[in-house]
Amino acid sequence: MLDATEELLGEIPIDEVSLRELSRRLGTSKTNVIRYFETREGVLLALLNRSREAWLDTLEERLSADAPTGEDALRVLAESLAEQPLLCQLWSQLPTVLERNVSAETVLPYKLVDLEHRRRLARLIRLRLPALGEDAALHLTRLAVVGLVGLWPFSHPSPSVVEVLSDPRLVDADIDFATVYTDFLRISAAGLLAGAGDPLNTVRPPRDRGRPE
C-alpha cells in the first residue's frame, strides 16, 4: 500500500491523493484500505516514517564513508535531504496536512517513531559535532524539522513563481534548498554551541536586585 502511495505521489500532487484513488490503484475497495488506514493522512504519515528511515540509513552510510566534521557534516546532511524530494515533500506538509484529519490513535505511533528517528539523527550529528551535548543535538533536530517545513516549499515554488523569478531584479529571491538549509543548520548549531549546557536558555542569570524585572 505504501509503495502504491509513493507511486501516486510521483504522478499527482499530494492534495489529490485520496483513499479512493489509492484503492483504485491497488485494485481493491476503499473499505479494504480503511481496514489498515482510517484516512489518507494516516497512509502519508506511515510513508513519511518509512521514507525518513531510509534517508537516515543513507545519511549514516555517507557520514561514515566521508567522515566530515563541523559545517561539512551539516552540508552533507542538507545535500542528502535535497536528494530526497518525496521525503521533503511529506515532511514539509506535516503540520498543515498530514497531522490533520487523523485520530490520536494514529498520531501517537507516528510521533513515537519520529522521536526515535530524531534521536538517531542527533546521535549522528554528535559524532561529527562532538561539542554539542545530547540535549542540544536533539534540539537541533527539532530546529532542523522546523527549518525544512518552511524552506522546502519556498525552494520549490509553483510554475508561475518560477517564471517570475526569471526576472533579473529578483535574482536574490531564488532559493537553493541545500545551500540555504546548510546555512540554517550551521547558524542553529552555532547558537546551541554558544549556549552549551543550556541550549534552550532555561537557566536564567542571577537577577540584578537593583534592576526591576
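In helix H5, the residues Ala73, Leu74, Val76, Leu77, Ala78, Ser80 and Leu81 are buried. The model is predicted. The cover over the buried residues of H5 includes helix H4 (40-66), helix H6 (85-92), helix H8 (104-128), helix H9 (134-155) and helix H11 (177-194). H5 itself runs over residues 70-82. With 13 residues at 1.5 Å a residue, H5 should span 18 Å, and the separation of 19 Å between its end C-alpha atoms agrees with this.

One of the buried positions, Ala73, was examined separately. Ala73 belongs to helix H5 and has a relative accessible area of 6%, under the 20% limit, and is therefore counted as buried. Apart from neighbours within four places in sequence, the contacts of Ala73 are with Leu63, Pro68, Arg128 and Leu129. Between Ala73 and Glu21 the separation is 52 residues in sequence and 40 Å in space, taken from C-alpha to C-alpha.

The protein as a whole contains 11 helices and 0 strands, and its pattern along the sequence is α-α-α-α-α-α-α-α-α-α-α. The C-alpha trace spans about 70 × 50 × 45 Å along its principal axes. Of the 213 residues in the protein, 39% are buried. Among contacts with a separation of 6 or more, 69% are between residues 24 or more positions apart. The accessible surface comes to about 12400 Å², and carbon and sulfur atoms contribute 53% of that area.

The charged side chains comprise 25 positive and 33 negative groups. The centres of the two sets lie 7 Å apart. Side chains of opposite charge can pair when their charged atoms come close. In the whole structure, 16 salt bridges were found. One of the pairs joins Arg186 to Glu71, with the closest N and O atoms 3.8 Å apart. This pair links distant parts of the chain, since Arg186 is in helix H11 and Glu71 in helix H5, 115 residues apart. The distance of 3.8 Å between their closest N and O atoms falls within the 4 Å cut-off for a salt bridge. Both partners are partly exposed: the relative accessibility is 32% for Arg186, and the relative accessible area of Glu71 is 36%. Arg186 and Glu71 also belong to a network of salt bridges that links Glu71, Asp72, Arg75, Asp183 and Arg186.

A second salt bridge, between Glu116 and Arg119, has its closest N and O atoms 3.0 Å apart. Here both residues lie in helix H8, with a spacing of 3 residues, about one turn of the helix. Glu116 is partly exposed at 43% relative accessibility, and Arg119 is partly exposed at 37%. In a further salt bridge, the side chains of Arg169 and Asp167 meet at an N to O distance of 2.6 Å. Arg169 has 74% relative accessibility and counts as exposed, whereas Asp167, at 22%, counts as partly exposed. The value for Asp167 is not under 20%, so the residue is not classed as buried.

Helix H11 also holds Ser188. This residue has a relative accessible area of 14% and is buried. When its neighbours within four places in sequence are left aside, Ser188 is in contact with Leu140 and Leu143.

Backbone geometry was considered at two loop positions. Most residues other than glycine have a negative phi. Ala67 has a phi near 50 degrees, a positive value in a residue other than glycine. Ala67 is placed in the loop between H4 and H5 and is partly exposed, with a relative accessible area of 41%. For Asn101, phi is near 60 degrees, again a positive value in a residue other than glycine. Asn101 occupies the loop between helix H7 (94-98) and H8. At 55% relative accessibility, Asn101 counts as exposed, because the class of exposed residues begins over 50%.

Key
Residues are numbered from 1 along each chain as its sequence is written. This is a predicted model: local features need pLDDT of at least 70, side-chain atom pairs count only at pLDDT 80 or more; totals for chains, interfaces and linings use all residues. Side-chain values use heavy atoms; hydrogens and water are left out. Helices (H or I, at least four residues) and strands (E, at least two) are DSSP runs, numbered from the N terminus. Buried means under 20% relative accessible area, exposed over 50%, partly exposed in between (1.4 Å probe, protein chains only). Contact means heavy atoms within 4.5 Å. Accessible areas come from the Shrake-Rupley method with a 1.4 Å probe; for residues, only the protein chains shown count as cover. Lys and Arg count as positive and Asp and Glu as negative; His and the chain ends are not counted. The place of a charge is taken as NZ of Lys, CZ of Arg, CG of Asp or CD of Glu. The expected span of a helix is 1.5 Å times one less than its number of residues.
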